[in-house]
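Open the structure in your viewer and keep the selection tool ready. We will go stop by stop.

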Amino acid sequence: MSGKRILLIVGGGIAAYKACELIRLIRKAGMAVRCVLTDGGSQFITPMTLAALSEQPVHTSLWDLKNEAEMGHIRLSREADLVVVCPATADLMAKMANGISDSLATTLLLATDKPVMAVPAMNVRMWQHAATQRNVQRLRDDGVIVLDPDQGAMACGEYGPGRLPEPEAIMRAILAQFDGGHAAAAPRADLPLAGRHVLVTAGPTHEPIDPVRYIANRSSGKQGYAIAGALAMLGARVTLVSGPVTLSTPVGVTRVDVESAREMAAAVDAALPADAAVMVAAVADWRTDSAAATKIKKTGDGVPPTLSLAENPDILATLCRSDKRPGLVIGFAAETNDVIAHAEAKRLRKGPDWIIANDVSGDVMGGDRNSVHIVTAAGVESWDDQPKDVVAMKIAERIAAALAS
Ligand code: CTP
């Protein structure tokens, strides 16, 4: 890894300060980093700080003739092994998606022939806006690696996706570019799941009651995310259809965010065909039969409103009956009692090849460990309690073996 060169373009957002920590991590990994600071970025951080941390000159202007004589912008854009835009603002990504080159940063991004990674950070509404989502999709189609932002409280006081991922997570994505990682353009053909597409669902679903309330469950998404990451590590192309969670997207995984069960069902259908599907999501069984368009108010007479529920589609059962059914379908079963008996009944009722059953009467939901039973037509195999990451890799290896046979 050492000797690799990163060109870091620091955009204008409060998250610019996290670029300092990223520079430290890049250098700790033995790589060199040269920074370009946009006008917006310089509202939050000074060139002097970036120069001190990177021990390299910092570039800010396209019209800096001295630098042009020493290092032209074309050379600057090509000298690096990877260009990282962090934070990538909505404005910068819009310009990148449209090929606008009106500053040093955007000119470099247009002129480079090296892989480009964008790490978005912005207000939740800006991230969710159709224009930004369109630009992100366009960039991904153009081959830019766009990381998913984290979800959480924002500097602006709102909550949701849009936070810059932690510098450690960004660093892992950078490292993955250089070690033949799965986010890299060229997938490794020697890995056991190379050339396979695996669909994973994870997390809870949120079923709206009114614009501010919803029905949900305690799923954290950890087990599903770990499985998606493990499958990618084994070389699979992974589509992760995720309900609302606060986890970063595993390296090399394509994530599709949904909220409700019906949105999840549509995203699963859109992601097909797949060689295998692992349905880990804790889909809400019921939704309100019609969500109120405005906030439900207390009436003052002490009588609570009655929620009338409708059953959600069963995504797993629908998939198993579909003519697009993947060759291997795996369901999960969250049970609090008679775990194996319920799981076997579920397998026969819904039609997956395997059910991975877990006892959720303890703190499995949200916890870091899991003890599972693999229920198949051939019988039941029970695994000891172990970290969710280990369970995930063992499941991924088992999937690879099943697809190979
Ligand atoms: N599942 C699904 N769509 C639903 C409900 C569940 O695809 N509407 C999937 C889950 O992703 C999981 C499996 O079905 O792979 C079993 O989920 P679980 O919640 O344990 O089963 P339920 O169908 O809810 O059964 P029950 O409530 O009777 O335990």
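Start between domain 1 and domain 2: three residue pairs are in polar contact there, both residues at pLDDT 80 or more. A polar contact is a pair of N or O atoms within 3.5 Å; within protein, one must be able to donate a hydrogen and the other to accept it, and residues adjacent in sequence count only if both atoms are side-chain atoms. This is a predicted model, where local features need pLDDT of at least 70, side-chain atom pairs count only at pLDDT 80 or more, and totals for chains, interfaces and linings use all residues. Residues are numbered from 1 along each chain as its sequence is written, and side-chain values use heavy atoms, with hydrogens and water left out.

**Stop 1: the two domains.** Select 5-177 for domain 1 and 197-404 for domain 2. These bounds come from an automatic or database domain assignment. The C-alpha centres of the two domains are 34 Å apart.

**Stop 2: where they touch.** Eight residues of domain 1 contact six residues of domain 2; contact means heavy atoms within 4.5 Å. About 620 Å² is buried between the domains, and carbon and sulfur atoms give 45% of it. Buried area is the accessible area (1.4 Å probe) that two parts lose on being put together, summed over both. Now select Asp148, Asp150 and Gln151. They supply 61% of the area that domain 1 buries against domain 2, more than any other three residues.

How many salt bridges are there between domain 1 and domain 2? The count is zero. A salt bridge is a side-chain nitrogen of Lys or Arg within 4 Å of a carboxyl oxygen of Asp or Glu.

Next, select strand S7 (150-153) and helix H9 (167-178). Each supplies at least two residues of the side of domain 1 that touches domain 2. H9 gives the largest share, four residues. Helices (H or I, at least four residues) and strands (E, at least two) are DSSP runs, numbered from the N terminus.

**Stop 3: a salt bridge.** The structure holds 22 salt bridges. Select Arg5 and Asp81 to see one of them, at 3.8 Å, N to O. Arg5 is in strand S1 (residues 5-10) and Asp81 is in the loop between helix H4 (73-79) and strand S4 (82-88), so the pair ties together parts 76 residues apart in sequence.

**Stop 4: the ligand.** Select the ligand, then Lys350. A polar side-chain atom of Lys350 lies 2.5 Å from a ligand oxygen atom. For Met279, a backbone N or O atom is 2.6 Å from an oxygen atom of the ligand. Finish at Lys346, with a side-chain N or O atom 2.7 Å from a ligand oxygen atom.
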